[in-house]
Structure formats: C-alpha cells, structure tokens
Amino acid sequence: MTIAVNPRQAEHPVDPIFIERWSPRAFTGEEISRADLDTLFEAARWAPSSYNSQPWRFLYALRGTEAFVKFLGLLSTYNQQWAKNAAALIVAVSARTFVRPGTSEVLVSRSHAFDTGAAWANLGLQATRLGWHAHGIGGFDVERARVELKVPDDFEVQAVIAIGRRGDKSILPENFHGGETPNGRRPVKETAFEGAFPAV
C-alpha cells in the first residue's frame, strides 16, 4: 500500500493526534474487535456535556452481520460504494431532553447536538490512536434510520460513523481517488474572533 505523506501543518503547537486524525474512505474490510470498539465508546463516554446530561447514544453494526447490511442500506448510494468495506457502522443519536440534576424536571436540551459532537470527536481521536479511522457521514436516510433502528421520538438522529483500517485508494472506484488525502483547514484567524463577530 502506498501511504501519502500527511501534508498538514499546524499554525500553533498542538498534540500530533489532531493532525493525524482524518477521514479516509478506503478501508481494508478488516474486522474490529469488541475490545477496540468498546474503547472507542469509552472515549466518547468521557466527553463534556451540559449538566453532564450525556445526550449521546450510539447504535452500531459490525461487519459480517445482518445489522451491518441494514445500516449500510441507510446510506446514499454514493456512500455505500466505500462504506461497504468498513469494520463497523455507528449511528449517533442525541436526546432532545434531560432531567435537571437534583430534580424530576424534564427540560429541553439546547446543546444536545453540540454535546454529541464532542463525544464523536473523542471517538474519532481514539480511533486514530488505535490505528483505526473514523469517517463521519451525513449522506443517509435520516427518517428511515429513525424507523428501522427504532429511535424514540425524543431523540434526534445526527450522523453515521464508519470505522475502518485504512487501505490503498485502489480499493475505491476511481472517482474517489482524488479525495484520499488529509485535507486542510481554514486559518485560525478566519474562525476565532476577539470581542465580536467581524463585519461582513
């Protein structure tokens, strides 16, 4: 397998894990152990959340199971082309409500998606640390996922996450080859503003 050199360069000192994490589509089809999968969920478990409400839930299917076929079928045709080689598919959902600590009052959560995003980030970074890659997917049938995976009404379906070992881009149809390299990011000065949002 030909491994391209990671072209990413940080503008400021950060742990290398943030540069090493990226989202390839070429996966080898290698199966993931339950131990490794549990480690990913353990990393997600320790994410911060408002009131420690922990709104995230992860529904998953392992390669080679009937559930995997069902999860794969929720993806767009485009994404099925590459995600079929994943070791696991995970659907991230988040609770829209929570019970305020020390009370029985049910409140609407304004930050459930934000908090679940933090959990997904932890999972993705842990995957990189273990030699796996995690690729978030927005191209899937959200309503079918809700119905077929029996997601309760007070939960929102957020994203699908494909987990896999990185393979050579030759595994993929040729139209995917150009994207099989870590991409860049906007400069910090374009995303962090002191005092207020800049004039547009």
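1. In this predicted model, Glu30 has a relative accessibility of 39% and therefore counts as partly exposed. The limits that matter here are under 20% for a buried residue and over 50% for an exposed one, with partly exposed in between.

2. Glu30 takes part in a salt bridge: its side chain meets that of Arg165 at 3.4 Å, N to O. The two partners belong to distant parts of the chain, 135 residues apart, with Glu30 in the loop between α1 (17-20) and α2 and Arg165 in the segment after β6. Arg165 has a relative accessibility of 22% and so counts as partly exposed.

3. How many salt bridges does the structure hold? There are six, and two further examples are described in the next points.

4. One of them joins the side chains of Arg96 and Glu156, at 3.7 Å from N to O. This pair also links distant parts of the chain: Arg96 lies in the loop between β2 and β3 (97-99), Glu156 lies in strand β6, and 60 residues separate them. Arg96 is partly exposed because its relative accessibility is 29%. Glu156, with a relative accessible area of 28%, is likewise partly exposed.

5. Another salt bridge is formed by Arg144 and Glu148, whose closest N and O atoms are 2.9 Å apart. Arg144 is partly exposed at a relative accessible area of 33%, and Glu148 counts as partly exposed at 30% relative accessibility.

6. Attention may now turn to helix α2, which comprises residues 34-45, twelve in number. The distance from its first C-alpha to its last is 16 Å, close to the 16 Å expected at 1.5 Å a residue.

7. Which residues of α2 are buried? They are Leu37, Leu40, Phe41, Ala43 and Ala44. Viewed down the axis of α2, these buried residues fall within an arc of 155°, so they line one face of the helix. The exposed residues Arg34 and Ala35 are carried on the face of α2 turned away from that buried side.

8. What covers the buried residues of α2? The cover includes the strands β1 (56-62), β2 (88-95) and β6 (155-164), together with helix α5 (112-129).

Key: Residues numbered from 1 in each chain as written. Predicted model: local features only at pLDDT ≥ 70, side-chain atom pairs only at ≥ 80, totals over all residues. Heavy atoms only, no water. Helix = DSSP H or I, 4+ residues; strand = E, 2+ residues; numbered from the N terminus. Expected span 1.5 Å × (residues − 1). Buried < 20%, exposed > 50% of the residue type's maximum accessible area, 1.4 Å probe, protein only. Arc of directions from axis to C-beta. Contact = heavy atoms within 4.5 Å. Salt bridge = Lys/Arg side-chain N within 4 Å of Asp/Glu carboxyl O.
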